[in-house]
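Please examine the structure shown here together with its sequence. The briefing is intended for a reader who is new to describing protein structures.

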Amino acid sequence: MKFALVAYALLSGDIHSFVMDSGLSYSECMQAVRHGVTVADIAPGVAIDLSGAPLVCELETTPDVILTASR
């Protein structure tokens with residue numbers, strides 16, 4: 001099974017899920033959760049603060065949004 005690292009962020013009063021990485025084994029995903037993500041680019045020049053966002057490992061599905069993230 002493959003897993004995706006997903007972040008849940010509150011934007012404009014709605015909770016949105018963002019795929020941070022995909023195609024991971026469960027152990028790789030859990031390692032990424034422990035490492036943490038604080039900022040994600042959701043569009044060129046637009047970043048969101050994920051320092052308080054929950055990060056979870058979910059079974060991989062076709063992603064709606066793929067992001068690049070930095071610590």
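This is a predicted model: local features need pLDDT of at least 70, side-chain atom pairs count only at pLDDT 80 or more; totals for chains, interfaces and linings use all residues.

Residues are numbered from 1 along each chain as its sequence is written, and side-chain values use heavy atoms, with hydrogens and water left out.

**Overall make-up**

- The protein contains 1 helix and 6 strands; helices (H or I, at least four residues) and strands (E, at least two) are DSSP runs, numbered from the N terminus.
- Along the sequence, these elements follow the pattern β-β-α-β-β-β-β.
- Of the 71 residues, 27% count as buried; buried means under 20% relative accessible area, exposed means over 50%, and partly exposed lies in between (1.4 Å probe, protein chains only).
- The accessible surface comes to about 4700 Å², and carbon and sulfur atoms hold 54% of that area; such areas come from the Shrake-Rupley method with a 1.4 Å probe, and for residues only the protein chains shown count as cover.
- Among contacts with a separation of 6 or more, 56% involve residues 24 or more positions apart; a contact means heavy atoms within 4.5 Å.

**The sheet and its helix**

- Strands of a sheet pair through backbone hydrogen bonds, either parallel or antiparallel.
- An open sheet of 3 strands has the order β2-β1-β5, and its pairing is antiparallel; two strands pair if DSSP finds at least two bridges between them.
- Its edge strands, β2 (14-24) and β5 (55-59), each pair on one side only.
- From one strand to the next, the twist averages 35°; axes are lines fitted to C-alpha atoms, for helices over the stretch in contact, and angles run from 0 to 180 degrees between N-to-C directions.
- Strand β1 (residues 3-11) is paired with β2 over 8 bridges in the antiparallel sense, and Ala9 stands opposite His16 in β2.
- Helix α1 (residues 26-35) lies across β1, β2 and β5, and runs at about 165° to β5.

- Val39 stands opposite Asp49 in β4.
- β3 and β4 form a hairpin with 2 residues between them, and Gly45 in the turn has a positive phi of about 85°.
- Most residues other than glycine have a negative phi.
- Ser12 has a positive phi of about 55° although it is not a glycine.
- Ser12 is located in the loop between β1 and β2, and counts as exposed because its relative accessibility is 80%.

**The disulfide and the core**

- The structure holds 1 disulfide, a term for a pair of cysteine sulfur atoms within 2.5 Å.
- This disulfide joins Cys29 to Cys57, with an S to S distance of 2.2 Å.
- The link between Cys29 and Cys57 is left-handed, with -110° about the S-S bond.
- It connects distant parts of the chain, as Cys29 in helix α1 and Cys57 in strand β5 are 28 residues apart.
- Both Cys29 and Cys57 are buried.
- Not counting residues up to four places away in sequence, Cys29 touches Phe3, Ala4, Leu5, Leu24, Val56 and Cys57.
- The largest nonpolar core has 15 residues, of which Leu5, Met20, Cys29, Ile48 and Leu50 touch the most other members; a nonpolar core is a set of buried Ala, Val, Leu, Ile, Met, Phe, Trp, Tyr and Cys residues joined through side-chain atoms within 4.5 Å.
- The elements that give two or more residues to this core are β1, β2 and β5, and β1 gives the most, with 4 residues.
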